Amino acid sequence: MADSPKPSLPNFLLSVKLKYVKLGYHYLITHFMYLLLVPLLAIVSIHLSTLTSQDLINLWNHLRFNLVTVVACSTLLVFLGTLYFMSRPKKVFLVDFACYKPEDSNIVTREIFMDYSTKAGTFSEENLAFQKKILERSGLGQKTYFPEAVLQVPPNPCMEEARKEAEMVMFGAIDQLLAKTGVKAKDIGILIVNCSLFCPTPSLSSMVVNHYKLRGNILSYNLGGMGCSAGLISIDLAKQLLQVNPNSYALVVSMENITLNWYFGNNRSMLVSNCLFRMGGAAILLSNRSSDRSRSKYQLIHTVRTHKGADDKCYSCVFQEEDEDKKIGVALSKDLMAVAGEALKTNITTLGPLVLPMSEQLLFLVTLVARKVFKMKIKPYIPDFKLAFEHFCIHAGGRAVLDELEKNLELSEWHMEPSRMTLYRFGNTSSSSLWYELAYSEAKGRIRKGDRSWQIAFGSGFKCNSAVWKALRTIDPAKEKNPWIDEIHEFPVHVPKIVKIGNL
C-alpha cells in the first residue's frame, strides 16, 4: 500500500513575514511625522552651526531697531496662547469608583432561581421548562444576586421593598467610594443618578441628597427609562456639566432595580429579563480640578452617543427550537441585532478618527473609496481597535451580544474575559456592568499607566454609547478594594455553552 501524502503545513515563514510587514507599515505611518522631522532638524542644525558671532550680533541689532514689530508679535503670541488655554475643554478625571457587592444572603444559584420560580405558582410548566433552558445557556454562574423581596416565599414586590433595594445598592456603593477617596459629601457639586425602570417620587437622586446631607445648591439629575446604556449617558452629562462648573466634583450613580420589575406572567419574550438581570450598582467620582490629577485613576478622553430608531418588536427576543432534540437557543431578534449593529457602526465611525492610528484610518479610507467610488467588490475593512485600546469593557447584557462583538471586532478571549466573567459572576447588572468589568481588569493587575480602556454600552431606544479612559497610573491590586479582590484568584473560569440544572 502506497504511503499517503503527508498533510501540508501552513507556510509559517510567509505568515511571519506578513505579520512583520503589517507591523512595519503601522510603525511607518504612525511615526511618519517624526521620521520626516528628523532630517529637517538635522538640516536646520547644520545651518545653525555655520552661524558666526557676528551673524548673531547683526540679528540682535536688526531686532533692536524694530522694537514695535517685536512687541506686536509678542503681544499677539501671548493673546493667542491665552485664548487657547482658556477655550480648550477642561480635563475630566475619574478619581475612583466603587461597585456594590451584596451580602451572601442575596446569592441566587441556578437551582434556587428555578425553585423560587416554581414556588411563585404563576408560571406554566412549559414556561418553567423554558426558563430552565434559558438559564442553562445564559452564561450566568452560581453566585449572582437577587433582592430580598424576590427571594421571599411568596415574593413581595412592593414600593417599600423597591426603595429598600435602591438604598442598599446606592448607599452601599457611595459609602465605599467616599471611604476610598476621602472626599466629603459637602464637596460634591453635581449628582447624577440613573435607574431605568424604577423612577419613584421623591426621586432616587433626592434620596441620595437627603441621606448624605448634600449642599442645597447641588446640581441634581435623575435619569430614567434609558436602558442599560444610561450609565455612559450619565458620564457624558457629567462631562458637559464639569465644563461649565469649575473646581467641582461630580458623583454618578448607576444601577437597576429588580424588586418591582420581576415578571410573573407567561409571555416568553418578557421572561428573559428574569433569567438575566441581577442586583448591582456602581458609584463613580469625577473631578475637573487639576490638583486631583495626581491621585486620580483615569482621565476621560472621549464620549460618543448614538441613538438609532427601533420598533417595539425590536425589544423582544427570539427563541428557536432546534431539530429533534428541541434545544432552545436564545438570541436577540434579527431586527434588534440589525438596529444594534447600525448604532454600533455609527458609534465606531464617530469614534474611529479620534482614537485609531493613522495607519488604520488610511486602510479604512482606501477600502471605502474602492467600494464607493470605483465600485470594487471587496469586503469593508474592519479597523483593528486593538491598536487603539488595551482593554475592552463591553456591556454584559448576554452571551449573544458578547459573542457578536467578539467576532465583529476580532477580539481575543483575553480582551473578552472581563465582560464574560462579569456576566458569569454578577449577571446583567444593567448600566453598572461596565464598572464591574473595569474593576475586574484592575483586580487582575492589568491596568498600566497610559493604557486606554473602551467602554461600550447598549440600551433601549436603540442606543450605543462609548467612553474612552486613559490610565493615569498603574493600578496595584494589592491596594485596591473592589468586589473581585477576595476571589480574583478563582478567575477566569471556563463557562460551558450549556450547564444542565438538575431536576427539582
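## Basis

Residues are numbered from 1 along each chain as its sequence is written. In this predicted model local features need pLDDT of at least 70 and side-chain atom pairs count only at pLDDT 80 or more, while totals for chains, interfaces and linings use all residues; side-chain values use heavy atoms, without hydrogens and water.

## Nonpolar cores

A nonpolar core is a set of buried Ala, Val, Leu, Ile, Met, Phe, Trp, Tyr and Cys residues joined through side-chain atoms within 4.5 Å. Buried means under 20% relative accessible area, with a 1.4 Å probe and protein chains only. The largest core has 74 residues, and Met170, Leu286, Trp435 and Trp484 touch the most other members. Helix α8 (residues 159-181) gives the largest share of this core, nine residues. Helices are DSSP runs of H or I, at least four residues long, numbered from the N terminus.

Leaving aside neighbours within four places in sequence, Leu286 is in contact (heavy atoms within 4.5 Å) with residues including Val92, Phe93, Leu94, Ile235 and Trp469. Another core, of 45 residues, lies apart from the largest one and includes Leu128, Ile134, Ala343 and Phe458.

## Cavities

On a 1 Å grid over the protein atoms alone, a cavity is a set of points where a 1.4 Å probe fits but cannot get out, and lining residues have an atom within 4 Å of a point. A volume is the space filled by probe spheres set on the points. The whole structure has four cavities of 30 Å³ or more.

The largest cavity has a volume of about 70 Å³. Its lining has 10 nonpolar, one polar and no charged residues, and α5 gives the most, with five. Among the lining residues are Phe113, Tyr116, Phe146 and Trp262. The second largest cavity, of about 50 Å³, has a lining of three nonpolar, one polar and four charged residues. Here α8 gives the most, with four residues.

## The second largest pocket

A pocket is an open set of grid points with protein on both sides within 12 Å along at least five of seven lines. The second largest pocket has a volume of about 330 Å³. It is lined by 16 residues, and the closest to its centre are Glu413, Arg420, Met421, Val493 and Val495. Helix α15 supplies the largest share of this lining, six residues. By class, the lining of the second largest pocket has seven nonpolar, two polar and seven charged residues.

Terms used: Buried means under 20% relative accessible area, exposed over 50%, partly exposed in between (1.4 Å probe, protein chains only). Helices (H or I, at least four residues) and strands (E, at least two) are DSSP runs, numbered from the N terminus. Ala, Val, Leu, Ile, Met, Phe, Trp, Tyr, Cys and Pro count as nonpolar, Asp, Glu, Lys and Arg as charged, and the others, Gly among them, as polar.
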